[in-house]
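Please find below a short briefing on one protein chain, arranged by topic for use beside the sequence and the coordinates.

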Amino acid sequence: MEVIILKKEFNKYLDRFEIVAKVKSDKEQPKLKELREAILKAAKEEGEPIILLQRYVYGGKYVKVLARIYKNKDTIEKIEPEFVIKKNYGGEATAEKTA
């Protein structure tokens, strides 16, 4: 899987990186977890990535991705809506929050 970062900006007000990337894959469509790990590695940042949008190009071998990288999960829970957290992390974040 090859990741090309098209745009990377730091949003100082929300303390996160906002990334637009193009991910090429020769195999099947990559899973959300694989996309998060690949984007985090390509961006050369540390933190918790959130995938907001992934657009598969019909007939193409790539995905266009809109992602955000936060420093920690506490910031994610304060800013992102609950459905986005569930989409990316399943029950992980909500289980930790209630515990």
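Which strands does helix 1 lie across, and at about what angle does helix 1 run to strand 3? In this predicted model, helix 1 lies across strand 1, strand 2, strand 3 and strand 4, and its direction is at about 115 degrees to that of strand 3. The points below take up confidence, the sheet, the helix and the cores in turn.

**Confidence**
- The chain has a mean pLDDT of 84, and 91% of its residues reach 70 or more.
- Among the elements of the chain, strand 1 (residues 2–11) has the highest mean pLDDT, 93.
- The lowest mean pLDDT among the elements, 49, belongs to helix 4 (residues 92–98).

- Four strands form an open sheet in the order 1-2-4-3, with antiparallel pairing.
- Strand 1 and strand 3 (48–56) are the edge strands, each of which pairs on one side only.
- From one strand to the next, the twist averages 20 degrees.
- The antiparallel pairing of strand 3 with strand 4 extends over 8 bridges.
- Opposite I50 stands R68, a residue of strand 4.

**Helix 1**
- Helix 1 comprises 12 residues and spans 16 Å from its first C-alpha to its last, close to the 16 Å expected at 1.5 Å a residue.
- Its buried residues are L32, L35, R36, A38, I39 and A43.
- In an α-helix there are 3.6 residues a turn, so residues three or four places apart point the same way.
- The buried residues of helix 1 pack against strand 1, strand 2, strand 3 and strand 4, and also against helix 3 (82–89).
- K44 follows helix 1 and has a positive phi, near 55 degrees.

**Nonpolar cores**
- The largest nonpolar core has 15 residues, of which V3, I19, I39, I51 and V65 touch the most other members.
- At least two residues of this core come from each of strand 2 (16–24), helix 1 (32–43) and strand 4 (62–70).
- Helix 1 provides the largest share of this core, 5 residues.
- Leaving aside residues up to four places away in sequence, V65 touches I19, V20, A21, V23, L35, I39, I51, L53 and Q54.
- Another core, of 6 residues, lies apart from the largest one and includes I50, Y70, V84 and Y89.

Note on methods. Residues are numbered from 1 along each chain as its sequence is written. This is a predicted model: local features need pLDDT of at least 70, side-chain atom pairs count only at pLDDT 80 or more; totals for chains, interfaces and linings use all residues. Side-chain values use heavy atoms; hydrogens and water are left out. A nonpolar core is a set of buried Ala, Val, Leu, Ile, Met, Phe, Trp, Tyr and Cys residues joined through side-chain atoms within 4.5 Å. Buried means under 20% relative accessible area, exposed over 50%, partly exposed in between (1.4 Å probe, protein chains only). Contact means heavy atoms within 4.5 Å. pLDDT is the predictor's confidence in each residue, from 0 to 100. Two strands pair if DSSP finds at least two bridges between them. Axes are lines fitted to C-alpha atoms, for helices over the stretch in contact, and angles run from 0 to 180 degrees between N-to-C directions. The expected span of a helix is 1.5 Å times one less than its number of residues.
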